[in-house]
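The following exercises are to be worked through with the sequence and the structure side by side. Each task is followed by a solution that goes step by step.

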Amino acid sequence: FGRTLVDTRGDTVVVRTLDAADSAAVLSLAREVAIGVVDGDEAYQFASIDEIVEAPGGDVLIWDSVLGVLRQFDSSGTFVREIARQGSGPGEYRSSNGVVILGDRLLLWDGRQGRMNVYDTAGVFLTNWPAMSPAQGPRGLYTDTLGRLYLRGPVVAPRPPDSLAHPNAMLVELDATRTFLGADVFPISF
């Protein structure tokens, strides 16, 4: 067995395996694709990446919260399209509290407008439906292999006076038809 040493230098993470008894245990990192530039085409410039989602066929979806844009890149890192745009019209968004692929649909949870936008995998808007206000921050939307959708939302119950630890979020579980399957409350610290 060996030890793994992780070191961050600026925007680079260096991972080294030390003291490995077996040379097969030594791991190395290899860059598969790079997306982004400091200067050049604006489609490749980012201000704050909050979410990266792998799409079918190896495509990558990237949500930039400062620019307020969801971009799609192919498996080689080439820009494909922006999905919808900022606004309050059909399919438009003001924020993202999560982006997921669920079957043949792309879902973007726009917590600021209290709705879930639904697109096909080509980025064409299909519909939206009401969705509760989220807990703080992005990444509040999850799926599983059974086609269920989970939304992380706030618990609105008052804090018990004798409690030091208070659960302040819950996962709401829905199936593919948006049927409520249950909710679990759990503590979150931000």
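For the patch exercise, a surface patch is made of residues with over 30% relative accessible area and no salt bridge, and nonpolar side chains are joined within 5 Å. The model in view is predicted.

**Exercise 1.** Determine which residues form a nonpolar patch on the surface, and classify V13 by its accessibility.

Solution. Begin with the members of the patch, which are V6, V13, V15 and L29, and which together have about 370 Å² of accessible area.

**Exercise 2.** Describe how β1 and β2 are paired and connected.

Solution. Strand β1, residues 3-9, pairs with β2 in the antiparallel sense over 7 bridges. Within this pairing, T4 has T17 of β2 as its bridge partner. The two strands, β1 and β2, form a hairpin with 2 residues between them, and G10 in the turn has a positive phi of about 65°.

**Exercise 3.** Work out which strands stand at the edges of the open sheet of 4 strands.

Solution. The order of the strands is β7-β8-β9-β10, with antiparallel pairing. Since β7 (99-102) and β10 (125-130) each have a single partner strand, one side of each is left without a neighbour in the sheet, and these are the edge strands. Neighbouring strands of this sheet are turned by 25° against each other on average, direction ignored. As for the partner of β10, strand β9 (residues 115-120) is joined to β10 by 5 bridges, and R115 has P130 in β10 as its bridge partner.

Notes
Residues numbered from 1 in each chain as written. Predicted model: local features only at pLDDT ≥ 70, side-chain atom pairs only at ≥ 80, totals over all residues. Heavy atoms only, no water. Pairing = 2+ DSSP bridges. Axes fitted to C-alpha atoms, helices over the stretch in contact; angles between N-to-C directions. Patch = residues over 30% accessible without salt bridge, like charges linked within 9 Å, V, L, I, M, F, W, Y side chains within 5 Å. Areas by Shrake-Rupley, 256 points an atom, 1.4 Å probe, with all protein chains shown as cover. Salt bridge = Lys/Arg side-chain N within 4 Å of Asp/Glu carboxyl O. Buried < 20%, exposed > 50% of the residue type's maximum accessible area, 1.4 Å probe, protein only.
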